[in-house]
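Here's a quick briefing to get you started. Take a look at the sequence and structure first, then follow the points below.

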Amino acid sequence: MESYEQQIKSKVLKVNSLQTWDSYLNQTHPEGQVIVHFTASWCMPSVVMSPFFEELALTYPDAIFLVVDVDEVKEVAAKLEVKAMPTFVLIKDGNPADKIVGANPDEIRKRVDGFIRSCSSPF
C-alpha cells in the first residue's frame with residue numbers, strides 16, 4: 001500500500017469507475033491532453049511500467065495522466081478497445097489520437113513527447 005506522502009506526490013490520477021473517467025475527460029483543460037496507462041495487477045510488464053509512468057507525469061505537468069485497471073473499469077477498456085496490457089492511449093480533446101501497446105519506455109516517451117509538442121504547437 002502506498003504511503004500518504006507517495007499519494008500526495010503522485011501526478012497520476014486513478015480511474016475507478018466510468019463516471020470518474022467521464023469526469024476526468026470533461027475537466028476543463030487548456031490543451032486537452034490526456035495520457036492513459038491501461039494496466040492490470042496480474043500483468044508484470046504493466047506493474048513494471050508504473051514508476052516510469054509516474055516519472056513521465058512529472059515531466060509533462062500540463063497534461064493529465066490517468067491509470068485504468070482493466071479488471072476494475074472494464075467499460076473504459078472496452079470503449080477504447082484495449083485488448084493487451086500495458087496499453088497507453090494519448091487523448092486530445094476527448095478523442096484517442098494514438099495508442100501504444102507494450103512496455104517500451106523509449107517508444108512511449110518519444111510518442112508522448114511528440115504528442116505534447118503537437119498539441120502545444122500553434123500551427
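This is a predicted model: local features need pLDDT of at least 70, side-chain atom pairs count only at pLDDT 80 or more; totals for chains, interfaces and linings use all residues.

Residues are numbered from 1 along each chain as its sequence is written, and side-chain values use heavy atoms, with hydrogens and water left out.

**Strands and how they pair**

- Helices (H or I, at least four residues) and strands (E, at least two) are DSSP runs, numbered from the N terminus; two strands pair if DSSP finds at least two bridges between them.
- Strands of a sheet pair through backbone hydrogen bonds, either parallel or antiparallel.
- E2 (residues 33–39) and E3 (residues 64–69) are parallel partners, joined over six bridges; phenylalanine 38 has valine 68 of E3 as its bridge partner.
- E4 and E5 run antiparallel, also with six bridges.
- Two residues sit between the strands in the hairpin of E4 and E5, where aspartate 93 takes a positive phi near 55°.

**Helices on the sheet**

- Contact means heavy atoms within 4.5 Å.
- Which residues of H2 are buried? They include Thr20, Trp21 and Tyr24. Because these cover an arc of only 105° around the axis, they are on the same side of H2; the arc is that of the directions from the helix axis to the C-beta atoms.
- On the other side of H2, Gln19 and Asn26 are exposed. Buried means under 20% relative accessible area, exposed over 50%, and partly exposed in between (1.4 Å probe, protein chains only).
- The cover over the buried residues of H2 includes E1, E2, E3, H4 and E4.
- Serine 46, in H3, counts as buried because its relative accessible area is 0%. Its contacts, leaving aside neighbours within four places in sequence, are His37, Phe38, Thr39, Ala40, Met85 and Pro86.

**Nonpolar cores**

- The largest nonpolar core has 20 residues, and Trp21, Val36, Phe38, Leu66 and Val68 have the most contacts inside it. Two or more residues each come from H2, E2, E3, H4 (74–79) and E4.
- A second, separate core of 19 residues includes Ile35, Leu56, Phe88 and Val112.
- A nonpolar core is a set of buried Ala, Val, Leu, Ile, Met, Phe, Trp, Tyr and Cys residues joined through side-chain atoms within 4.5 Å.

**Lysine 99**

- Lysine 99 is in E5, with valine 89 standing opposite.
- Lysine 99 counts as partly exposed because its relative accessibility is 33%.
- The side chain of lysine 99 reaches the backbone oxygen of leucine 80 at 2.8 Å. Lysine 99 and leucine 80 are 19 residues apart in sequence, and 9.5 Å apart in space, C-alpha to C-alpha.

Notes
A polar contact is a pair of N or O atoms within 3.5 Å; within protein, one must be able to donate a hydrogen and the other to accept it, and residues adjacent in sequence count only if both atoms are side-chain atoms.
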